[in-house]
Amino acid sequence: NAAAGTYKSDNASIWDIGLGYKFTPTFSMQASYAKNTQDGSVKNGGDYTKAYNIELDYKGAKADKKGSFGVFAAYRYLGQYATIAPTYDGAMYGTKGWEVGTQYTFAKNIMGTLRYFNGKEIANDGNDNKVSKIFGRVEFFF
């Protein structure tokens, strides 16, 4: 509510469609689109009722394979009325922009992730509300 203004309704009617395609064994693309048909508001020039993601992936780190790695680039648009709790580690709720990242397996069952997001808040309230985020994680698999 605070980020997007007042909802017209407490109900949501969100539908989502997604697809993916593997061009080669090491190069793939995923895309998804979500729309909330319950609330048709467009506030401050931003459309909060839609969300989409387009991502290109190269390779992919495997936890059991030392030295394996993967990289990706994505454009994300995460409208507040179409995403309840997005799980992207870089892009944030109510933002749009580019996210790039990599994964690397340091040793068997030890994998690191680094992501960078650069974009704007969806609200176009006259301010240039730029946002950026760096996210890093090391995972141990048992």
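Predicted model: local features only at pLDDT ≥ 70, side-chain atom pairs only at ≥ 80, totals over all residues.
Student: What volume does the largest pocket have?

Tutor: The volume is about 190 Å³.

Student: And how do the residues of its lining divide into nonpolar, polar and charged?

Tutor: Nine of them are nonpolar, four are polar and one is charged.

Student: Which strands each supply at least two residues of that lining?

Tutor: Those strands are β1 (14-24), β2 (27-36) and β5.

Student: Let us turn to the sheet. What is the order of the strands in the open sheet?

Tutor: The open sheet has seven strands in the order β1-β2-β5-β6-β7-β8-β9, and their pairing is antiparallel. At the edges are β1 and β9 (130-140), each of which pairs on one side only. From one strand to the next, the twist averages 10 degrees.

Student: Over how many bridges do β1 and β2 pair?

Tutor: They pair over ten bridges, in the antiparallel sense.

Student: Which residue in β2 does I17 stand opposite?

Tutor: I17 stands opposite Y33.

Student: A new topic, then: where is Y48 found?

Tutor: Y48 is in the loop between β4 (46-47) and β5 (50-59).

Student: Is Y48 buried or exposed?

Tutor: Y48 is buried, because its relative accessible area is 0%, and the cut-off for buried is under 20%.

Student: How far apart are Y48 and G79 in sequence and in space?

Tutor: In sequence, Y48 and G79 are 31 residues apart, while in space they are 4.0 Å apart, C-alpha to C-alpha.

Notes:
Residues numbered from 1 in each chain as written. Heavy atoms only, no water. Helix = DSSP H or I, 4+ residues; strand = E, 2+ residues; numbered from the N terminus. Buried < 20%, exposed > 50% of the residue type's maximum accessible area, 1.4 Å probe, protein only. 1 Å grid on protein atoms, 1.4 Å probe; cavity = no way out; pocket = protein on both sides within 12 Å on 5 of 7 lines; lining within 4 Å. Points joined across faces, edges and corners; volume = space filled by probe spheres on them. Nonpolar A, V, L, I, M, F, W, Y, C, P; charged D, E, K, R; others polar. Pairing = 2+ DSSP bridges. Axes fitted to C-alpha atoms, helices over the stretch in contact; angles between N-to-C directions.
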